[in-house]
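Here is a protein with a ligand.

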Amino acid sequence: MKFFVDTAEIDQIKELNDLGMVDGVTTNPSLIAKSGRDILEVTKEICDIVDGPVSAEVVALDAETMLAEGRKLAKIADNIAVKVPLTWAGLQTCKALSDEGTMVNVTLCFSANQALLAAKAGATFISPFIGRLDDINIDGLELIEDIRTIYDNYGFDTQILAASIRSANHMSECAKIGADVATAPPAVIKNMANHVLTDKGLAGFMADIEKAGIKIL
Ligand code: E4P
């Protein structure tokens, strides 16, 4: 499973990228607003750091303007994936951009039918939002499973990009289901390293190291 990092914070992207943990980056208008940076400027900076796909989201609602925005975003760098919402206008924009050879990430997906439409429209990525479904008591992981089944049934190339990930548990569950990509905030990716028994085991080793005066350097 590829890891995308869900942030527009340059320092955090750099830290994880240096560790080989970043196969791509996703941003959205809320993350850009949080960064306090200009969308074109910060997106360019991210594309210069990361080799993989960098999602940058359109801000218009109608297909004509979305397409113009998408074309402008696509010019930033070769690794831009234009992010469009899963609306009819978003699907129209997805089809047009895909036909031009631009990667498209269709976002705000909350149902298997929406994912089916995005694949038909030539999406490179479909972004089902797990956490926001969980928030309204609908099992977000079940949606990932359903989309996996449908895409495999018909051999769609669209990659399942599990989004709105809130916990390390979501990451391992997505990997078990077979999501192609999971995008998560840096804190969630770092939290995947934590285990209470690792901490406990290390505390025991440290006590013995001190008692025995073990030194290597
Ligand atoms: C990623 O592409 C999405 O924009 C992001 O995962 C949304 O996450 P949230 O539901 O935590 O805002």
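The ligand sits in the largest pocket. A pocket is found on a 1 Å grid over the protein atoms alone, as an open set of points where a 1.4 Å probe fits, with protein on both sides within 12 Å along at least five of seven lines. A molecule sits in a pocket if more than half of its atoms lie within 2 Å of the pocket's grid points. This is a predicted model, in which local features need pLDDT of at least 70 and side-chain atom pairs count only at pLDDT 80 or more, while totals for chains, interfaces and linings use all residues. Residues are numbered from 1 along each chain as its sequence is written, and side-chain values use heavy atoms, leaving out hydrogens and water.

Around the ligand are Asp6, Thr26, Asn28, Lys83, Phe129, Arg132, Ala163, Ser164, Arg166 and Thr183 (a heavy atom within 4 Å). This shell divides into 2 nonpolar, 4 polar and 4 charged residues.

On its own the ligand has 350 Å² of accessible area (Shrake-Rupley method, 1.4 Å probe), and the protein covers 85% of that.

Threonine 183, one of the residues around the ligand, belongs to strand β8, residues 181-184 (a DSSP run of E, at least two residues).

Methods. On a 1 Å grid over the protein atoms alone, a cavity is a set of points where a 1.4 Å probe fits but cannot get out, and a pocket is an open set with protein on both sides within 12 Å along at least five of seven lines; lining residues have an atom within 4 Å of a point. Ala, Val, Leu, Ile, Met, Phe, Trp, Tyr, Cys and Pro count as nonpolar, Asp, Glu, Lys and Arg as charged, and the others, Gly among them, as polar. Helices (H or I, at least four residues) and strands (E, at least two) are DSSP runs, numbered from the N terminus.
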